[in-house]
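I opened this notebook to record what I looked up, residue by residue. The entries below follow the order of my reading.

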Amino acid sequence: MSDHSDVRTAATSDTAVDFDAIIVGAGFAGIRTLYELRERGLTALVIEAASDIGGTWFWNRYPGARTDSEAWVYAYCFSKDLMNEWNWSERYPSQPEVERYLRLVVDKFDMRKDMMLNTHIESAVFDEGSETWVVSIEGGAQIRSRFIVTGLGHLSKPYRPPFPSLESFRGEWYQTSRYPSEGVDFTGKRVAVIGTGATGVQLTPLVAETAAHVTVFQRTPNWVLPARNHPLDDAAWREIRADYDGIWQKVFSQNFALPYGSAHRVAADVSAQEQQAILEHGYEIGHFQFLFETFDDILTDETTNELVCDFLRSKIRETVKDPATAEILCPKYPLLAKRPPLGHFYYEAFNRDNVSLVDVSDNPLVDVTEGGLRTADAEYEADIIVFATGFDAVTGAYLTLDIVGRDGVHLHDKWKDGPRTNLGEMVDGFPNLFLASGPHQPFANIPAVIDRSVRWIGRAITQLLEDKQTIIEADVDAVDKWTDLMPELLARTIFAKGMGVHAWHLGSNIPGKPVVVMAYHGGANNYFAALDDEAEAGFPGFIRR
Ligand code: NA7
């Protein structure tokens with residue numbers, strides 16, 4: 001047992017367990033969960049494989065890594081004190097700043113004492129005799145708990161194309177999601193960047209500042225929206241704090257859990273000239289505000305979507321001086337079929353003499369050579385290869401961890417054709433296992449989704465304990481219903497077009513992974529309402545005893 005065995009259960013007074021709950025992962029979700037469970041009087045232990053807290057923000061420390069949500073809502077809202085204490089310095093905080101923030105939270109609430117870092121979980125098995133979870137950690141120790149809450153993160157299992165000759169490459173190679181903490185010196189090097197998702201888009205302009213040459217390998221172009229980053233001064237903070245509660249209210253009422261209103265118009269309401277003026281104005285403001293405060297039907301009406309696509313293509317052609325490069329950068333699929341990244345002078349980077357773009361959409365990269373990369377008919381020299389190739393997202397981390405429920409059923413078998421949950425919170429046959437952050441939750445501003453998800457978990461556990469019950473488990477019919485709802489909701493939006501363009505939220509970016517709807521596309525606000533309704537109705541979609 002760990003040296004945390006002195007901490008006894010508080011809420012359940014259950015001597016059969018070491019902790020009321022084990023929380024997997026010390027990222028945004030794990031930290032939020034520890035706070036929630038402690039507030040409710042439970043003892044909990046956070047187990048984290050990394051050497052420090054942060055989750056996604058621990059591993060993704062590549063140049064340019066920063067949030068795509070605005071700072072003041074990429075944060076916790078559970079403590080007024082915390083909200084008053086911390087001033088983000090920029091509209092989109094960088095990775096080091098997010099890491100500092102999470103450290104402050106952990107220290108402020110004295111959380112480290114309930115965390116085991118550098119600890120790899122080998123399995124979590126539900127023991128039916130004692131109705132407890134047995135978590136086995138590397139080295140053989142076992143820890144028992146009544147509940148287990150996973151804060152695994154959507155983007156935590158890295159994906160790298162399986163190039164067979166990688167080991168023969170004479171240069172250096174790095175994966176952005178496992179980036180060395182000491183950094184990489186690109187000065188004077190020929191750098192190959194594979195991938196043009198949010199990560200490649202953030203990284204490329206910065207690497208180009210010192211590299212001799214950067215070759216960007218693009219398989220699918222992205223709709224890169226202008227981020228328009230800026231510092232947040234005291235005046236900005238006074239304005240935010242003047243109505244921080246109102247901002248959070250907006251967050252929890254909005255489809256993507258962002259603090260925006262709606263445009264109150266669709267494109268067809270205004271003339272062609274007005275449409276362009278509205279889009280120009282939105283483009284100047286930047287961020288996802290461009291999507292939500294221009295026209296309300298971008299996500300649902302193909303004609304409006306194409307109008308906005310045409311506008312964005314004209315911006316790419318205006319920005320990128322070489323017409324052939326601009327054409328390669330112009331997506332030919334609808335906006336929002338893939339999650340659009342925010343750019344910090346991304347398109348402008350292609351105007352530099354030391355940046356070139358290679359279109360590998362029809363002629364894929366097939367392997368690494370001793371001196372670089374190759375497609376079927378061309379070779380590209382490089383001193384450093386950077387894999388910005390994304391993640392086996394949402395379910396990847398769940399299926400790597402060996403989670404075994406009732407009757408010896410392994411989660412990776414249960415989910416072999418795709419995840420099945422009720423409300424994105426629990427799985428039938430896996431009693432007392434909660435997903436703080438997982439599949440079938442909204443595709444939205446993640447800290448806000450985590451907040452509501454964890455609050456719901458807390459309510460469910462409190463209710464259970466108040467009712468002197470010990471087991472809560474998703475009802476199989478409710479799981480079927482919720483799982484079947486996912487494709488129905490997706491079909492109502494342009495996100496459905498992601499099937500054809502390697503969208504990670506559908507699993508279509510990973511060769512061989514089942515292509516299924518892994519997120520809830522009915523609007524984050526509606527999801528939050530569904531969680532509240534379920535709790536207020538006494539958890540009818542869950543079996544309790
Ligand atoms: P993404 O968005 O999944 O991007 C991964 C990129 O890597 C994407 O451009 C892929 O092209 C590319 N990729 C993957 N495999 C290959 C191969 N074999 N050849 C060429 N290119 C390849 O991951 P990110 O880390 O950038 O962003 C993930 C999320 O983090 C993002 O959506 C935000 O929510 C924050 P593809 O598009 O699949 O053709």
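I began with D110, which I found in the loop between α4 (95-108) and β3 (115-116). Helices here are DSSP runs of H or I with at least four residues, strands are runs of E with at least two, and both are numbered from the N terminus. This is a predicted model, so I kept in mind that local features need pLDDT of at least 70, that side-chain atom pairs count only at pLDDT 80 or more, and that totals for chains, interfaces and linings use all residues. Residues are numbered from 1 along each chain as its sequence is written, and side-chain values use heavy atoms, with hydrogens and water left out.

I looked up the phi of D110 and got a value near 50°, positive in a residue other than glycine. Most residues other than glycine have a negative phi. D110 is partly exposed, because its relative accessible area is 43%. The cut-offs are these: buried is under 20% relative accessible area, exposed is over 50%, and partly exposed is in between, with a 1.4 Å probe and protein chains only.

I placed H287 in the loop between α8 (272-285) and α9 (289-292). Is H287 buried or exposed? Its relative accessibility is 0%, so H287 counts as buried.

**Around the ligand**

Next I went to the ligand.

The side chain of R219 has a polar atom 2.8 Å from a ligand oxygen. For K338, a side-chain N or O atom is 2.7 Å from an oxygen atom of the ligand. For W504 I read 2.7 Å, again between a side-chain N or O atom and a ligand oxygen. Taken alone the ligand exposes 770 Å², and the protein buries 89% of that. Areas come from the Shrake-Rupley method with a 1.4 Å probe; for residues, only the protein chains shown count as cover.

I looked up A444 in the loop between β18 (433-437) and α15 (446-466). A444 is buried, because its relative accessible area is 18%. Leaving out residues up to four places away in sequence, A444 touches N255, F256, A257, V449 and A524. Contact means heavy atoms within 4.5 Å. I also checked A444 against S69: they are 375 residues apart along the chain, and their C-alpha atoms are separated by 9.6 Å.

T33 sits in helix α1 (residues 28-39). It counts as buried, because its relative accessibility is 1%. Beyond four places in sequence, T33 is in contact with I23, V149, A436 and V454.

W59 lies in helix α2 (residues 56-59). With a relative accessible area of 28%, W59 is partly exposed. How far is W59 from R178, C-alpha to C-alpha? The separation is 5.3 Å, for residues 119 apart along the chain. R178 is also one of the contacts of W59, along with A50, T176, S177 and Y179, setting aside neighbours within four places.

T210 is in the loop between α5 (198-207) and β9 (213-218). At 40% relative accessibility, T210 counts as partly exposed. Its contacts, not counting residues up to four places away, are F186, T187 and G188.

**The chain as a whole**

I ended with the totals. The protein chain has 17 helices and 20 strands. Its radius of gyration, taken over C-alpha atoms, is 24 Å, close to the 24 Å that the globule rule (2.2 Å times the number of residues to the power 0.38) gives for 545 residues, so the chain is as compact as a globular protein of that length. Of the 545 residues, 60% count as buried.

Note on methods
Polar contact = N/O pair within 3.5 Å; in protein donor to acceptor, adjacent residues only side chain to side chain.
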